[in-house]
Amino acid sequence: MMRLRALVMATLAVPALAGEIPLAERRSDTLTMSSELRAMQADDAANPASFSVLDGEALWRVRAGASGKSCADCHGDGAQSMRGVAARYPAFDSASGRVLDLEAKINQCRTERQGSAALPMESRDLLGLATYVGRQSRGLPIVSDDPRLAPAIDRGRALFTARQGQLNLSCAICHDDHWGRKLGAATVPQAHPTAYPLYRLEWQSVGSLQRRLRNCMVGMRAEPYPMGSDEFIAIETYLMSRGRGLAMETPGVRP
Amino acid sequence: MARALINVPKIAKVGEIIEIKTLVSHPMETGYRVGLGGEILPRDIIQTFVCTFNGAQIYRADFSPAVAANPYLTFHTMLSESGAFEFRWEGDNDFLLVETASITVE
(Lines give C-alpha, C1' and ligand atoms only; values in the text may rest on other atoms or scores of the structure.)
Protein backbone atom coordinates (compact mmCIF):
# COMPACT_ATOMS: atom_id res chain seq x y z
CA MET A 1 0.00 0.00 0.00
CA MET A 2 3.00 2.29 0.53
CA ARG A 3 3.74 1.70 -3.12
CA LEU A 4 0.30 2.83 -4.14
CA ARG A 5 0.44 5.89 -1.93
CA ALA A 6 3.74 6.91 -3.50
CA LEU A 7 2.17 6.51 -6.91
CA VAL A 8 -0.86 8.55 -5.94
CA MET A 9 1.45 11.36 -4.87
CA ALA A 10 3.33 11.08 -8.13
CA THR A 11 0.05 11.07 -10.01
CA LEU A 12 -1.28 14.17 -8.37
CA ALA A 13 1.91 15.94 -9.37
CA VAL A 14 1.26 15.24 -13.05
CA PRO A 15 -1.04 18.00 -14.36
CA ALA A 16 -2.13 16.73 -17.80
CA LEU A 17 -3.04 13.11 -18.45
CA ALA A 18 -1.59 11.42 -21.49
CA GLY A 19 -4.78 9.75 -22.76
CA GLU A 20 -4.95 6.55 -24.76
CA ILE A 21 -1.62 5.07 -25.87
CA PRO A 22 -1.05 5.77 -29.59
CA LEU A 23 -1.58 2.61 -31.65
CA ALA A 24 2.03 2.57 -32.86
CA GLU A 25 3.32 2.53 -29.26
CA ARG A 26 1.16 -0.36 -28.11
CA ARG A 27 3.09 -3.52 -27.38
CA SER A 28 2.78 -6.66 -25.35
CA ASP A 29 3.94 -6.45 -21.76
CA THR A 30 5.85 -9.67 -22.31
CA LEU A 31 8.60 -7.42 -23.67
CA THR A 32 9.14 -5.68 -20.33
CA MET A 33 9.60 -8.92 -18.40
CA SER A 34 13.03 -10.30 -17.46
CA SER A 35 14.72 -12.45 -20.10
CA GLU A 36 14.29 -15.48 -17.79
CA LEU A 37 10.52 -15.04 -17.67
CA ARG A 38 10.33 -14.46 -21.40
CA ALA A 39 12.29 -17.69 -21.95
CA MET A 40 9.91 -19.51 -19.58
CA GLN A 41 6.91 -18.25 -21.53
CA ALA A 42 8.41 -19.14 -24.89
CA ASP A 43 9.44 -22.71 -24.02
CA ASP A 44 6.43 -25.03 -23.74
CA ALA A 45 8.55 -27.46 -21.71
CA ALA A 46 9.31 -24.76 -19.11
CA ASN A 47 6.00 -22.86 -19.13
CA PRO A 48 3.89 -24.19 -16.24
CA ALA A 49 0.71 -23.15 -18.09
CA SER A 50 1.43 -26.02 -20.49
CA PHE A 51 -0.21 -28.28 -17.90
CA SER A 52 -3.38 -26.27 -18.25
CA VAL A 53 -3.28 -26.63 -22.04
CA LEU A 54 -2.87 -30.40 -21.59
CA ASP A 55 -5.77 -30.48 -19.09
CA GLY A 56 -7.95 -28.69 -21.62
CA GLU A 57 -6.87 -30.90 -24.49
CA ALA A 58 -7.83 -33.99 -22.47
CA LEU A 59 -11.17 -32.49 -21.42
CA TRP A 60 -11.92 -31.54 -25.03
CA ARG A 61 -12.34 -35.26 -25.76
CA VAL A 62 -14.36 -36.23 -22.68
CA ARG A 63 -18.03 -37.00 -23.39
CA ALA A 64 -20.33 -35.37 -20.84
CA GLY A 65 -23.86 -34.17 -20.13
CA ALA A 66 -27.25 -35.07 -21.55
CA SER A 67 -25.97 -34.95 -25.15
CA GLY A 68 -23.31 -37.53 -24.37
CA LYS A 69 -21.02 -35.54 -26.61
CA SER A 70 -17.53 -34.18 -26.16
CA CYS A 71 -16.35 -30.82 -27.46
CA ALA A 72 -14.45 -32.81 -30.09
CA ASP A 73 -17.61 -34.61 -31.26
CA CYS A 74 -19.02 -31.27 -32.41
CA HIS A 75 -15.88 -29.22 -33.05
CA GLY A 76 -13.41 -31.87 -34.27
CA ASP A 77 -9.73 -31.16 -33.77
CA GLY A 78 -9.48 -28.01 -31.66
CA ALA A 79 -6.15 -27.11 -33.25
CA GLN A 80 -8.09 -26.43 -36.46
CA SER A 81 -11.61 -25.49 -35.42
CA MET A 82 -10.53 -23.16 -32.60
CA ARG A 83 -7.75 -21.44 -34.54
CA GLY A 84 -8.17 -17.68 -34.20
CA VAL A 85 -11.29 -17.94 -32.01
CA ALA A 86 -9.77 -16.56 -28.80
CA ALA A 87 -8.28 -13.63 -30.75
CA ARG A 88 -11.81 -12.29 -31.37
CA TYR A 89 -13.38 -12.85 -27.94
CA PRO A 90 -15.30 -11.34 -26.13
CA ALA A 91 -17.75 -11.65 -29.03
CA PHE A 92 -21.36 -10.69 -29.61
CA ASP A 93 -23.70 -13.66 -29.12
CA SER A 94 -26.77 -13.24 -31.33
CA ALA A 95 -28.76 -15.92 -29.51
CA SER A 96 -28.68 -14.15 -26.15
CA GLY A 97 -28.01 -10.62 -27.44
CA ARG A 98 -25.13 -10.41 -24.97
CA VAL A 99 -21.39 -10.06 -25.25
CA LEU A 100 -19.66 -13.20 -23.99
CA ASP A 101 -16.02 -13.70 -23.17
CA LEU A 102 -14.33 -16.98 -23.99
CA GLU A 103 -15.03 -18.56 -20.60
CA ALA A 104 -18.71 -17.57 -20.80
CA LYS A 105 -18.95 -18.93 -24.35
CA ILE A 106 -17.42 -22.25 -23.28
CA ASN A 107 -19.93 -22.47 -20.44
CA GLN A 108 -22.77 -21.60 -22.82
CA CYS A 109 -21.69 -24.49 -25.04
CA ARG A 110 -21.56 -26.77 -22.04
CA THR A 111 -24.99 -25.91 -20.72
CA GLU A 112 -26.92 -25.35 -23.96
CA ARG A 113 -25.26 -27.75 -26.38
CA GLN A 114 -23.47 -30.40 -24.36
CA GLY A 115 -26.19 -30.47 -21.70
CA SER A 116 -23.66 -30.49 -18.88
CA ALA A 117 -23.14 -28.18 -15.91
CA ALA A 118 -21.43 -24.79 -16.22
CA LEU A 119 -17.88 -24.94 -14.88
CA PRO A 120 -17.08 -22.61 -11.96
CA MET A 121 -14.99 -19.53 -12.76
CA GLU A 122 -11.27 -20.13 -12.14
CA SER A 123 -11.85 -23.88 -11.83
CA ARG A 124 -9.11 -26.04 -13.18
CA ASP A 125 -11.40 -27.44 -15.89
CA LEU A 126 -12.63 -24.06 -17.17
CA LEU A 127 -9.10 -22.61 -17.14
CA GLY A 128 -7.90 -25.74 -18.94
CA LEU A 129 -10.47 -25.41 -21.73
CA ALA A 130 -9.92 -21.64 -22.06
CA THR A 131 -6.13 -22.08 -22.13
CA TYR A 132 -6.40 -24.87 -24.68
CA VAL A 133 -8.72 -22.83 -26.93
CA GLY A 134 -6.57 -19.71 -26.36
CA ARG A 135 -3.43 -21.61 -27.32
CA GLN A 136 -4.84 -22.15 -30.81
CA SER A 137 -4.62 -18.40 -31.46
CA ARG A 138 -1.00 -18.00 -30.41
CA GLY A 139 0.75 -15.65 -32.82
CA LEU A 140 -2.46 -14.43 -34.46
CA PRO A 141 -3.44 -10.76 -34.18
CA ILE A 142 -6.30 -9.61 -31.97
CA VAL A 143 -9.36 -8.81 -34.08
CA SER A 144 -11.94 -6.36 -32.78
CA ASP A 145 -14.05 -5.18 -35.70
CA ASP A 146 -17.64 -6.24 -34.95
CA PRO A 147 -19.77 -3.07 -34.75
CA ARG A 148 -22.15 -4.86 -32.38
CA LEU A 149 -19.39 -4.70 -29.76
CA ALA A 150 -19.41 -0.89 -29.73
CA PRO A 151 -21.67 -0.46 -26.67
CA ALA A 152 -19.52 -2.88 -24.61
CA ILE A 153 -16.32 -1.18 -25.77
CA ASP A 154 -17.71 2.23 -24.81
CA ARG A 155 -18.82 0.98 -21.45
CA GLY A 156 -15.45 -0.70 -20.88
CA ARG A 157 -13.61 2.49 -21.80
CA ALA A 158 -15.77 4.48 -19.39
CA LEU A 159 -15.02 2.01 -16.59
CA PHE A 160 -11.32 2.05 -17.48
CA THR A 161 -11.05 5.82 -17.27
CA ALA A 162 -13.34 6.42 -14.27
CA ARG A 163 -11.73 7.10 -10.92
CA GLN A 164 -12.87 4.71 -8.22
CA GLY A 165 -11.92 3.17 -4.90
CA GLN A 166 -10.41 4.62 -1.75
CA LEU A 167 -7.30 5.75 -3.63
CA ASN A 168 -9.38 7.56 -6.24
CA LEU A 169 -7.44 5.99 -9.10
CA SER A 170 -8.55 4.90 -12.56
CA CYS A 171 -7.11 2.04 -14.58
CA ALA A 172 -6.02 4.62 -17.15
CA ILE A 173 -3.93 6.60 -14.67
CA CYS A 174 -1.64 3.61 -14.31
CA HIS A 175 -1.94 1.88 -17.67
CA ASP A 176 -2.26 4.82 -20.09
CA ASP A 177 -0.39 7.55 -18.25
CA HIS A 178 2.30 5.69 -16.29
CA TRP A 179 3.09 2.52 -18.23
CA GLY A 180 6.77 1.68 -18.27
CA ARG A 181 7.30 3.30 -14.88
CA LYS A 182 7.92 1.47 -11.64
CA LEU A 183 5.31 0.65 -9.01
CA GLY A 184 7.52 -0.84 -6.32
CA ALA A 185 9.35 -3.70 -7.99
CA ALA A 186 6.77 -4.08 -10.78
CA THR A 187 6.90 -2.28 -14.10
CA VAL A 188 3.47 -0.80 -14.80
CA PRO A 189 2.36 -2.62 -17.95
CA GLN A 190 0.26 -1.24 -20.79
CA ALA A 191 -2.29 -3.87 -19.70
CA HIS A 192 -2.96 -5.82 -22.86
CA PRO A 193 -5.05 -8.99 -22.70
CA THR A 194 -2.85 -10.94 -25.15
CA ALA A 195 -1.58 -13.74 -22.93
CA TYR A 196 -4.59 -14.89 -20.89
CA PRO A 197 -5.27 -17.29 -19.27
CA LEU A 198 -1.70 -17.23 -17.99
CA TYR A 199 0.55 -18.55 -15.27
CA ARG A 200 1.39 -15.95 -12.69
CA LEU A 201 4.30 -16.71 -10.37
CA GLU A 202 2.64 -14.70 -7.60
CA TRP A 203 -0.46 -16.88 -7.89
CA GLN A 204 1.56 -20.08 -8.28
CA SER A 205 -1.13 -21.07 -10.74
CA VAL A 206 -2.96 -20.27 -13.95
CA GLY A 207 -5.60 -17.55 -13.80
CA SER A 208 -8.00 -15.72 -16.10
CA LEU A 209 -7.98 -12.11 -17.26
CA GLN A 210 -10.85 -11.41 -14.86
CA ARG A 211 -8.73 -12.64 -11.96
CA ARG A 212 -6.02 -10.19 -13.05
CA LEU A 213 -8.56 -7.34 -13.23
CA ARG A 214 -9.81 -8.29 -9.78
CA ASN A 215 -6.24 -8.02 -8.45
CA CYS A 216 -5.88 -4.51 -9.88
CA MET A 217 -9.20 -3.43 -8.37
CA VAL A 218 -8.17 -4.71 -4.94
CA GLY A 219 -4.90 -2.79 -5.37
CA MET A 220 -6.94 0.37 -6.08
CA ARG A 221 -8.99 -0.37 -2.96
CA ALA A 222 -12.10 -0.46 -5.10
CA GLU A 223 -14.76 -3.12 -4.73
CA PRO A 224 -14.13 -5.66 -7.49
CA TYR A 225 -17.02 -6.41 -9.83
CA PRO A 226 -18.37 -9.94 -9.47
CA MET A 227 -16.56 -12.56 -11.54
CA GLY A 228 -18.38 -13.04 -14.84
CA SER A 229 -20.18 -9.69 -14.51
CA ASP A 230 -21.07 -7.51 -17.49
CA GLU A 231 -18.67 -4.88 -16.11
CA PHE A 232 -15.70 -7.23 -16.32
CA ILE A 233 -16.75 -8.43 -19.77
CA ALA A 234 -17.07 -4.80 -20.91
CA ILE A 235 -13.53 -4.06 -19.66
CA GLU A 236 -12.23 -7.19 -21.38
CA THR A 237 -13.94 -6.13 -24.62
CA TYR A 238 -12.42 -2.66 -24.35
CA LEU A 239 -8.96 -4.11 -23.66
CA MET A 240 -9.21 -6.30 -26.78
CA SER A 241 -10.20 -3.28 -28.85
CA ARG A 242 -7.38 -1.24 -27.29
CA GLY A 243 -4.93 -4.07 -28.04
CA ARG A 244 -6.23 -4.84 -31.53
CA GLY A 245 -3.52 -6.02 -33.90
CA LEU A 246 -1.23 -7.28 -31.13
CA ALA A 247 -0.32 -10.96 -31.35
CA MET A 248 -2.00 -13.42 -29.00
CA GLU A 249 0.45 -15.19 -26.67
CA THR A 250 -1.72 -17.55 -24.62
CA PRO A 251 -0.58 -19.16 -22.41
CA GLY A 252 1.64 -16.42 -20.99
CA VAL A 253 3.78 -16.20 -17.88
CA ARG A 254 3.82 -13.16 -15.57
CA PRO A 255 5.78 -12.31 -12.40
CA MET B 1 -3.84 -35.47 -12.16
CA ALA B 2 -0.08 -35.13 -11.84
CA ARG B 3 1.81 -34.64 -15.05
CA ALA B 4 5.40 -34.07 -16.03
CA LEU B 5 6.98 -32.54 -19.10
CA ILE B 6 10.40 -33.92 -19.93
CA ASN B 7 12.80 -32.61 -22.50
CA VAL B 8 15.81 -34.82 -23.38
CA PRO B 9 17.55 -35.10 -26.73
CA LYS B 10 16.69 -38.24 -28.71
CA ILE B 11 20.27 -38.65 -29.94
CA ALA B 12 23.64 -37.66 -28.45
CA LYS B 13 27.30 -38.32 -29.12
CA VAL B 14 29.51 -40.23 -26.68
CA GLY B 15 30.88 -37.74 -24.15
CA GLU B 16 28.66 -34.86 -25.34
CA ILE B 17 27.22 -32.69 -22.57
CA ILE B 18 23.44 -32.92 -22.82
CA GLU B 19 20.79 -30.87 -21.07
CA ILE B 20 17.79 -32.45 -19.39
CA LYS B 21 14.75 -30.36 -18.47
CA THR B 22 11.86 -31.50 -16.28
CA LEU B 23 8.70 -29.70 -15.22
CA VAL B 24 6.21 -31.38 -12.90
CA SER B 25 2.72 -30.24 -11.94
CA HIS B 26 2.45 -30.01 -8.16
CA PRO B 27 0.99 -27.38 -5.78
CA MET B 28 4.00 -27.49 -3.35
CA GLU B 29 1.76 -26.40 -0.48
CA THR B 30 4.18 -25.16 2.17
CA GLY B 31 2.30 -26.12 5.34
CA TYR B 32 2.61 -22.54 6.56
CA ARG B 33 -0.26 -20.93 4.72
CA VAL B 34 -3.66 -20.19 6.20
CA GLY B 35 -6.85 -21.14 4.33
CA LEU B 36 -10.04 -19.09 3.91
CA GLY B 37 -11.47 -20.48 7.15
CA GLY B 38 -8.36 -19.61 9.15
CA GLU B 39 -7.09 -23.19 9.26
CA ILE B 40 -3.49 -24.10 8.42
CA LEU B 41 -3.33 -25.73 4.99
CA PRO B 42 -1.53 -29.06 5.50
CA ARG B 43 1.88 -29.44 3.92
CA ASP B 44 1.85 -31.17 0.55
CA ILE B 45 5.22 -31.09 -1.17
CA ILE B 46 7.42 -33.24 -3.34
CA GLN B 47 10.29 -34.40 -1.16
CA THR B 48 12.69 -35.98 -3.61
CA PHE B 49 13.46 -36.14 -7.27
CA VAL B 50 15.78 -38.82 -8.61
CA CYS B 51 16.93 -39.34 -12.18
CA THR B 52 18.59 -42.63 -13.06
CA PHE B 53 20.16 -43.73 -16.33
CA ASN B 54 20.21 -47.49 -16.98
CA GLY B 55 19.61 -47.97 -13.26
CA ALA B 56 22.40 -45.70 -11.97
CA GLN B 57 21.55 -42.45 -10.22
CA ILE B 58 22.84 -39.45 -12.17
CA TYR B 59 20.96 -36.63 -10.45
CA ARG B 60 19.03 -36.18 -7.23
CA ALA B 61 17.33 -33.24 -5.54
CA ASP B 62 15.72 -32.89 -2.11
CA PHE B 63 12.92 -30.32 -2.10
CA SER B 64 11.75 -28.10 0.76
CA PRO B 65 8.60 -26.04 1.35
CA ALA B 66 10.44 -23.03 -0.11
CA VAL B 67 10.36 -24.55 -3.60
CA ALA B 68 7.70 -22.95 -5.82
CA ALA B 69 4.71 -24.79 -7.29
CA ASN B 70 5.36 -26.88 -10.41
CA PRO B 71 9.09 -27.44 -9.82
CA TYR B 72 11.25 -27.00 -12.90
CA LEU B 73 14.74 -28.51 -13.00
CA THR B 74 17.45 -28.48 -15.60
CA PHE B 75 20.64 -30.46 -15.24
CA HIS B 76 23.39 -31.83 -17.44
CA THR B 77 25.08 -35.17 -17.97
CA MET B 78 27.45 -37.04 -20.29
CA LEU B 79 26.66 -40.55 -21.53
CA SER B 80 28.73 -43.35 -23.00
CA GLU B 81 25.94 -45.72 -24.03
CA SER B 82 22.34 -45.73 -25.25
CA GLY B 83 19.63 -46.42 -22.74
CA ALA B 84 16.73 -45.19 -20.69
CA PHE B 85 16.26 -42.45 -18.13
CA GLU B 86 13.85 -42.85 -15.27
CA PHE B 87 12.53 -39.76 -13.53
CA ARG B 88 10.92 -40.25 -10.14
CA TRP B 89 9.21 -37.64 -7.97
CA GLU B 90 8.12 -38.70 -4.46
CA GLY B 91 6.42 -36.66 -1.80
CA ASP B 92 3.77 -36.11 0.86
CA ASN B 93 0.46 -37.97 0.70
CA ASP B 94 2.09 -40.87 -1.12
CA PHE B 95 2.79 -38.71 -4.14
CA LEU B 96 4.63 -40.79 -6.73
CA LEU B 97 5.18 -39.97 -10.37
CA VAL B 98 7.51 -41.96 -12.61
CA GLU B 99 8.36 -41.10 -16.20
CA THR B 100 10.87 -42.54 -18.63
CA ALA B 101 12.67 -41.40 -21.76
CA SER B 102 15.15 -43.16 -23.99
CA ILE B 103 18.17 -41.85 -25.82
CA THR B 104 20.47 -43.19 -28.53
CA VAL B 105 24.16 -42.51 -27.91
CA GLU B 106 26.46 -43.02 -30.85
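Predicted model: local features only at pLDDT ≥ 70, side-chain atom pairs only at ≥ 80, totals over all residues.
Trainee: How many bridges join β4(B) to strand β7 of chain B?

Mentor: Residues are numbered from 1 along each chain as its sequence is written, chains are lettered from A and ligands numbered from 1 in the order in which they are written, and side-chain values use heavy atoms, with hydrogens and water left out. Strands (E, at least two residues) and helices (H or I, at least four) are DSSP runs numbered from the N terminus, and two strands pair if DSSP finds at least two bridges between them. β4(B) and β7(B), residues 83-91, run antiparallel, and the number of bridges joining them is seven.

Trainee: Which residue of β7(B) does B:Val50 stand opposite?

Mentor: Start with β4(B), which covers residues 46-53. Look across from B:Val50 to β7(B), and you land on B:Arg88.

Trainee: Which residue in the turn between β4(B) and β5(B) has a positive phi?

Mentor: β5(B), residues 56-62, runs antiparallel to β4(B), with six bridges between them. B:Phe53 stands opposite B:Ala56 there. The two strands form a hairpin with two residues between them, and the one with a phi of about 50° is B:Asn54.

Trainee: How many residues of β4(B) are buried?

Mentor: Go by relative accessible area: buried is under 20%, exposed is over 50%, and partly exposed is in between (1.4 Å probe, protein chains only). The strand is mostly covered; of its eight residues, the buried ones number seven.

Trainee: What area is buried between domain 1 and domain 2 of chain A?

Mentor: The bounds, from an automatic or database domain assignment, are 2-43 + 142-254 for domain 1 and 50-135 for domain 2. Across the divide, 22 residues of domain 1 are in contact with 21 of domain 2. Buried area is the accessible area (1.4 Å probe) that two parts lose on being put together, summed over both. Carbon and sulfur atoms give 65% of a total of about 1700 Å².

Trainee: Which residues of domain 1 lose the most area to domain 2?

Mentor: Three stand out, together giving 25% of what that side buries. They are A:Arg148, A:Pro197 and A:Ile233.

Trainee: What is omega for the peptide bond from A:Tyr196 to A:Pro197?

Mentor: A:Pro197 is found in the loop between β4 (186-187) and β5 (198-200) of chain A. Most peptide bonds are trans. The bond into A:Pro197 is cis, with omega near -10°.

Conventions:
Contact = heavy atoms within 4.5 Å.
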